[in-house]
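Please look through the structure below before reading the numbered points.

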Amino acid sequence: MRTDNIYNFKGVFVFAEQVDGKISEISFELLGKAKELAEKLRTDVTAMLLGYKVENLASELARYGADRVITVDDKKLESYMTEPYADAITKIIKRFNPEVVLYGATTIGRDLAPRVSARVFTGLTADCTKLDVDTENHQVLMTRPAFGGNLMATIMCPEYRPQMATVRPGVMQKAEPNDAHKAEVIKFDAELKNNSNYVEIADIIKKEAKRRDIGEANILVSGGRGVGSAENFAMLRELADILGGEVSASRACVDAGWVEKDLQVGQTGKTVRPTLYIAVGISGAIQHLAGMEESGTIIAINKDESAPIFEVADYGIVGDLNTIIPELIKKLRS
Amino acid sequence: MRITVCIKQVPDTNEVKIDSVTGTLIRDGVPSIMNPDDKAGLEAALELRDKYGAEVSVITMGLPQAEEVLREALAMGADKAYLLTDRKLGGADTIATSTALAAAISKIGFDLIITGRQAIDGDTAQVGPQIAEKLNIPNISYAQEIEFDGNDTIRVKRMYEDRYHIINAKLPCLITALGDMNTPRYMTPGGIKSAYETEITVWGRNDIDVDDMQIGLVGSPTKVAKSFPKALKGAGQKTTLDGEEAADYIISALKEKLIIR
């Protein structure tokens with residue numbers, strides 16, 4: 001809503017996403033960032049926890065930095081559905097007047113947040129990778145990639161409140177959990193009523209449980225076009241297994257059908273921040289770099305010495321992956 | 001059934017390069033294309049029409065040259081095309097864009113609205129759900145499959161990170177389409193010919209029922225404070241090595257970083 005006095009709005013609120021009664025990793029990342037913003041804005045952090053029989057999760061949100069947890073517990077919120085979630089969040093916003101609301105840029109957050117922004121009539125910045133505060137003007141500065149990661153834009157929402165953003169998973173740091181930190185818990189009755197915007201969830205089909213999600217792996221062995229074939233990925237898998245990591249890939253490999261889309265790192269794939277990222281035969285298109293450059297240590301192997309991946313690599317090796325990787329596997333095994 | 005598909009003309013971001021001297025975007029010579037997710041949405045609409053009969057309208061908001069993507073949509077088989085263009089609508093963020101589009105779509109009339117999940121220039125995925133909110137209809141995002149019961153219910157396979165929901169929704173509703181849900185058809189020579197014979201309806205601000213305070217730059221809650229090319233973290237060491245030497249080098253790096261002992 002448009003406002004003449006932004007100081008009437010207080011608090012950094014976070015949508016604490018949970019699925020099947022398990023809090024999503026992004027919720028902790030948001031709390032970490034929210035804590036930092038709240039300190040700069042001289043306010044506190046509130047988590048909004050929606051679901052069915054989820055109130056027991058409030059203490060976990062407190063451990064990661066929530067000063068207050070507002071719970072909405074309702075059977076209608078058991079599985080995510082746009083309308084009841086948007087209805088509950090809108091009612092919380094109208095009741096508590098937060099100055100900032102953060103959501104994960106997940107398939108839930110990116111559906112919920114725009115619906116809420118239109119209902120409240122306020123600005124929403126998508127897929128942020130950086131959030132900061134202009135303390136002098138009391139505004140949040142929301143930075144995000146655009147044009148396929150070629151350009152960064154810093155967005156503000158000067159005259160409307162709350163300032164809302166969805167935040168890319170894997171980008172913000174969680175706070176260290178603190179068992180002593182307790183939160184005030186507020187049970188909020190959102191008075192949810194079935195209306196014409198409700199849909200019916202006829203079935204829920206879980207995707208096959210695969211290996212660990214690349215976003216959660218500490219070590220990634222990532223292949224690009226230079227790997228050359230689906231078969232050659234077996235070699236990368238072997239290396240990843242030795243190192244206790246996972247295999248990921250650039251978009252070219254997904255497009256070529258060598259690996260599944262779930263493994264894609266980059267602007268249209270996942271943002272990853274492992275301790276170690278080994279880029280094998282990846283040239284390093286800007287869209288790819290956008291998804292991995294925050295990795296702790298980057299080792300790149302590529303034949304082409306002018307490949308852009310070397311611009312971000314801590315250790316760059318100009319050479320043939322087909323001789324280097326087997327040799328590396330052999331040495332690590334012995 | 002009346003299906004309205006929202007499409008956007010976007011620069012092919014795979015072709016966008018950075019000028020290494022000035023650090024700015026080079027947009028000259030970058031081709032404009034129909035946004036890929038929107039194209040999949042159009043294909044889904046055309047498939048529903050082929051099966052059940054429907055009138056498929058396409059709408060875009062943009063500069064006058066956005067007419068090109070409407071012609072392409074007509075050549076693929078869309079029945080009607082609308083171009084919403086006006087300086088007063090320019091500079092809009094997603095909220096102001098959805099306000100204008102929702103007003104235009106109401107005027108066209110609809111049972112089903114399909115948009116792409118997101119556009120490759122902005123990557124926001126916001127305009128679809130926001131249009132649905134403005135029209136007070138349900139939205140189902142991230143559609144992998146769309147089916148119709150031939151009567152009044154749409155069945156959508158909705159994608160999440162680890163699962164799908166099979167969702168039944170009564171019309172009217174809005175769906176956002178994933179780019180990989182289908183393979184869009186090619187334009188046909190006959191289609192291209194009729195595309196140039198079909199008149200495109202051009203609307204400006206005065207043709208839609210909106211509040212001036214809610215459209216264009218003025219009606220946009222968000223403002224771009226600044227934009228800048230992405231800074232890359234500095235390069236480390238780079239050496240030319242092969243086979244065993246390279247393997248030794250990597251192992252020493254892993255030891256240095258305490259990843260292996």
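1. Leaving aside neighbours within four places in sequence, A:Leu50 is in contact (heavy atoms within 4.5 Å) with A:Phe15, A:Gln18, A:Val72, A:Leu77, A:Tyr85, A:Ala88, A:Ile89 and A:Ile92. Another core lies apart, with 55 residues, among them A:Leu236, A:Leu276, A:Ile317 and B:Ile251. A nonpolar core is a set of buried Ala, Val, Leu, Ile, Met, Phe, Trp, Tyr and Cys residues joined through side-chain atoms within 4.5 Å. Buried means under 20% relative accessible area, exposed over 50%, and partly exposed in between (1.4 Å probe, protein chains only).

2. This is a predicted model: local features need pLDDT of at least 70, side-chain atom pairs count only at pLDDT 80 or more, and totals for chains, interfaces and linings use all residues. Residues are numbered from 1 along each chain as its sequence is written, chains are lettered from A and ligands numbered from 1 in the order written, and side-chain values use heavy atoms, without hydrogens and water.

3. The largest nonpolar core has 70 residues, and A:Leu50, A:Tyr103 and B:Leu42 have the most contacts inside it. Helix α3 (residues 82-96) of chain A gives the largest share of this core, seven residues. Helices are DSSP runs (H or I, at least four residues), as are strands (E, at least two), numbered from the N terminus.

4. B:Glu199 lies in the loop between α5 (189-197) and β13 (201-203) of chain B. B:Glu199 counts as exposed because its relative accessibility is 71%. From B:Thr153, B:Glu199 is 46 residues away in sequence and 32 Å away in space, C-alpha to C-alpha.
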